[in-house]
Amino acid sequence: QQRADEKTVDGGLLPDANGMDPNQGGQTEGSKWQKPRLTRKSLMKCCLVKWIIASTTQQGPDSCDSDLELSMVRHQPEGLDQLQAQTQFTRKELQSLYRGFKNECPSGLVDEETFKTIYSQFFPQGDATTYAHFLFNAFDMDRSGSIRFEDFVIGLSVLLRGSVTEKLRWAFNLYDINKDGYVTKEEMMAIMTSIYDMMGRYTLPSVRDDSPFEHVERFFQKMDRNRDGVVTIDEFIETCQKDENIMASMQLFENVI
């Protein structure tokens, strides 16, 4: 059930899981920057992390792997050290994430039906099927029909801890449904409609039927600078970074990753 005090869909472009402006410089003013942990606040905003952490909690804390060890699975993940170098997660966070991932996906791979199950659990008031399909395709970069643990945590690392540019690149990939390097108005409309459908009628403020269309019209006009009917990744990133309203609205889909 969507809580009344949660942020809801109003016009964002990027699901931002931690609701914070990432510090690209690596330093906060007046103090040394420290890598954030998977805090309860950020966990409760990220459905994919909630899903695997819940599995870990149910199993208890006594099964913490000393490394990413697998037995009797189809896919062997990369070593922990390599994943730590490729992501913004700590060693303990990776162990915790993998423990839950292994409990939910013993084969070492997650398929599209699992994504649909996850999002139907977290958004029972709406229809999450289409959005889960698009999100799965954004994680499934090699179009293999399944997602490895490495792909999973590398994507989560961008969404939870990445720079603004990294997050925007990931968002562009989500909107570029056919992966041809361009986002059309139809693609943006499909993603936006799927998010509104998933959030359901009980979001606050209430969502009007024409809201997705108005949203897409407004943002597509800003982004399609040369008026050729498509948005390139450069247009997408440049427009988002220069538009305060878009940057502010990036926070508003933080509950849909």
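Where is the place of Lys179 in this structure? Select Lys179 and you land in the loop between helix H8 (164-175) and strand S3 (183-184). We'll come back to that loop, but let's get our bearings before moving on.

**Before you click around**

This is a predicted model, where local features need pLDDT of at least 70, side-chain atom pairs count only at pLDDT 80 or more, and totals for chains, interfaces and linings use all residues. Residues are numbered from 1 along each chain as its sequence is written, and side-chain values use heavy atoms, with hydrogens and water left out.

**The whole protein**

You're looking at 12 helices and four strands; helices (H or I, at least four residues) and strands (E, at least two) are DSSP runs, numbered from the N terminus. Of the 257 residues, 50% are buried. Here buried means under 20% relative accessible area, exposed means over 50%, and partly exposed is in between (1.4 Å probe, protein chains only). Now think about contacts, meaning heavy atoms within 4.5 Å. Among contacts with a separation of 6 or more, 73% come from residues 24 or more positions apart.

**Back to the loop, and on to another**

Zoom in on Lys179 again. Its phi is positive, about 55°, although it is not a glycine. With a relative accessible area of 29%, Lys179 is partly exposed. Next, select Arg227, in the loop between helix H10 (211-223) and strand S4 (230-231). Arg227 is not a glycine, yet it has a positive phi of about 55°. Arg227 is exposed, with a relative accessible area of 58%.

**Helix H4**

Select residues 91-104. How far apart are the end C-alpha atoms of this helix? They are 20 Å apart, which agrees with the 20 Å that 14 residues should span at 1.5 Å a residue; the expected span is 1.5 Å times one less than the number of residues. Colour the buried residues of H4 and you'll pick out Glu93, Leu94, Gln95, Ser96, Leu97, Tyr98, Arg99, Gly100 and Phe101.

Now click Lys102, also in helix H4. Lys102 has 24% relative accessibility, so it counts as partly exposed. Draw a distance from its C-alpha atom to that of Ser55: the gap is 9.2 Å, although these residues are 47 apart along the chain.

**Follow the rings**

Show the side chains of Phe, Tyr and Trp. Two rings pair if their centres lie within 6.5 Å (for Trp, the six-membered ring is used); planes under 30 degrees apart count as stacked, over 60 as edge-to-face and the rest as tilted. By this rule there are 13 aromatic pairs. One of them joins Tyr98 and Phe149, edge-to-face, at 4.8 Å centre to centre with 75° between the planes. This pair links distant parts of the chain: Tyr98 sits in helix H4 and Phe149 in helix H7 (residues 149-161), 51 residues apart. Both Tyr98 and Phe149 are buried.

Slide over to Tyr119 and Tyr131, an edge-to-face pair with 5.8 Å between centres and 75° between planes. Tyr119 belongs to helix H5 (residues 112-122) and Tyr131 to helix H6 (residues 129-139), 12 residues apart. Both of these tyrosines are buried.

**Helix H6**

Stay with H6 for a moment. Eight of its 11 residues are buried, so H6 is largely enclosed by the rest of the structure. Select Tyr131, Ala132, Phe134, Leu135, Phe136, Asn137, Ala138 and Phe139 to see the buried ones.

**A lysine over a ring**

Jump to Phe219 and Lys222. Lys222 lies over the face of Phe219, 5.7 Å from the ring centre. The rule asks for NZ of Lys or CZ of Arg within 6 Å of the ring centre and within 35 degrees of the ring normal.

**Two cysteines**

How many disulfides does a search of the whole structure find? It finds zero; a disulfide is a pair of cysteine sulfur atoms within 2.5 Å. For Cys46, the nearest cysteine sulfur is that of Cys47, 6.9 Å away. Cys46 is buried, at 1% relative accessible area, and Cys47 is buried too, at 3%.

**Last stop: the record**

UniProt (unreviewed entry) places "domain: EF-hand" at residues 127-162, 163-198 and 211-246; such annotations may be inferred rather than shown by experiment, and positions follow the numbering used here, with feature names shortened. Select 163-198: the chain there is 72% helix and 6% strand, and its end C-alpha atoms are 27 Å apart. Then select 211-246, with 72% helix, 6% strand and end C-alpha atoms 16 Å apart.
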